[in-house]
Amino acid sequence: MADRLAALLTHFAVTAKVFHTGVLCGIHDLADEQAVGYLHLIRRGRLVVSHAQGATVQVSEPSLLFYPLPMAHRFISDGDQGIDTACARLHFDGGAANPIVAALPAFSCLPLAELEGAEGILDLLFNEAARQHCGRQTVLDRLFEVLLIQVLRHLMEHGQTQAGMLAGMAHPRLRHALVAMHEQAAGDWSLEALAVQAGMSRSVFAHTFREVVGCTPGIYLQRWRMALAQKLLLQGSPLKLIAGDTGYGSEAALSRAFKAQTGLSPRLWLGQRNPKQSSPPAVP
């Protein structure tokens, strides 16, 4: 069976950077940093988490707090006992445009006991955090990245994703069509061909896809291709190669689709994200 997350994480990677392990006491503010999310592990202690929008969360058991996008929050814990924590900042390639991020809740609080299969990773992580071995930072960063994959699995399998791509990936039939598009973005994916991948009739597939994912298969494919095109542009790939990799027959066809999706030509779009690179050689 095709891996639902492999192509996504290959194209749109996530990296973690651990910035705290150990006890926190009293009040601590976590800033709304540009393009940075957070993953916090609360191993012991009671905690109140408040957000700028006014919502508060009470944490009274070992739990995981997940913020895929920047969101300011405050930790309020006992000034003497505090909480035993491990915290990492997250960077998703593409930020808010990352298709994984776009399908996730802005905030999730999960008891660690509910993360099936994560016990070994959590044990390794907390053991590493308690020691000062060489390579500790790198090991902790990688363990947090593995843990994040466990979190994504949990959210998909327990229906805790918003209507969108991850909701479709949790569907027993739609997932096959989505994986096919993710793995072969340049494929000639007609509605009938995608329905065959899903093992559904054309009409049932179209209706179910729109209901679960929130758009038509054709629109989803175009958005996926544009997300890949934007990533490749930022990496400096020539427009001709991007057109081939994303299923467009020519640079002109890609440029038309790109402008229809973003409102800008590839050159102008790239220039807005790289102001110092006003004339990127890779984009004619």
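Helix α6 is largely enclosed by the rest of the structure, because 8 of its 10 residues are buried; buried means under 20% relative accessible area, exposed over 50%, and partly exposed in between, with a 1.4 Å probe and protein chains only. Helices (H or I, at least four residues) and strands (E, at least two) are DSSP runs, numbered from the N terminus. The model is predicted: local features need pLDDT of at least 70, and side-chain atom pairs count only at pLDDT 80 or more, while totals for chains, interfaces and linings use all residues. Residues are numbered from 1 along each chain as its sequence is written, and side-chain values use heavy atoms, with hydrogens and water left out.

The buried residues of α6 are Leu 174, Arg 175, Ala 177, Leu 178, Val 179, Ala 180, Met 181 and His 182. They pack against α1 (6–11), α5 (165–170), α7, α8 (202–213) and α9, where contact means heavy atoms within 4.5 Å.

One of these partners is α7. Helix α6 (residues 174–183) and helix α7 (residues 191–198) have axes 7 Å apart and pack at an angle of about 120°. Axes are lines fitted to C-alpha atoms, for helices over the stretch in contact, and angles run from 0 to 180 degrees between N-to-C directions. The two helices, α6 and α7, are therefore oblique to each other; angles under 35 degrees count as roughly parallel, over 145 as roughly antiparallel, 65 to 115 as roughly perpendicular and the rest as oblique. On the α6 side the contact is made by His 176, Ala 177, Ala 180 and Met 181, and on the α7 side by Leu 194, Gln 197 and Ala 198.

Helix α7 also crosses α8, at roughly 85°, and their axes come within 9 Å. That makes α7 roughly perpendicular to α8. Here Leu 191, Glu 192, Leu 194, Ala 195 and Ala 198 of α7 meet Arg 202, Phe 205 and Ala 206 of α8.

Gln 230 lies in α9 and counts as buried, at 16% relative accessibility. Leaving aside neighbours within four places in sequence, Gln 230 is in contact with Phe 258, Thr 262 and Trp 269.

How many disulfides are there? The count comes to 0, taking a disulfide as a pair of cysteine sulfur atoms within 2.5 Å. The sulfur of Cys 87 is 13 Å from the closest cysteine sulfur, in Cys 25, too far for a bond. Cys 109 is in no disulfide either, and the nearest cysteine sulfur, that of Cys 87, is 13 Å away. Cys 87 is buried, with a relative accessible area of 1%, whereas Cys 109 counts as partly exposed at 30% relative accessibility.

Finally, Glu 116 is found in the loop between β9 (108–111) and α3 (119–129). Glu 116 is exposed, with a relative accessible area of 62%. Leaving aside neighbours within four places in sequence, Glu 116 is in contact with Gln 150 and His 158. The C-alpha atoms of Glu 116 and Arg 153 are separated by 9.5 Å, and these residues are 37 residues apart along the chain.
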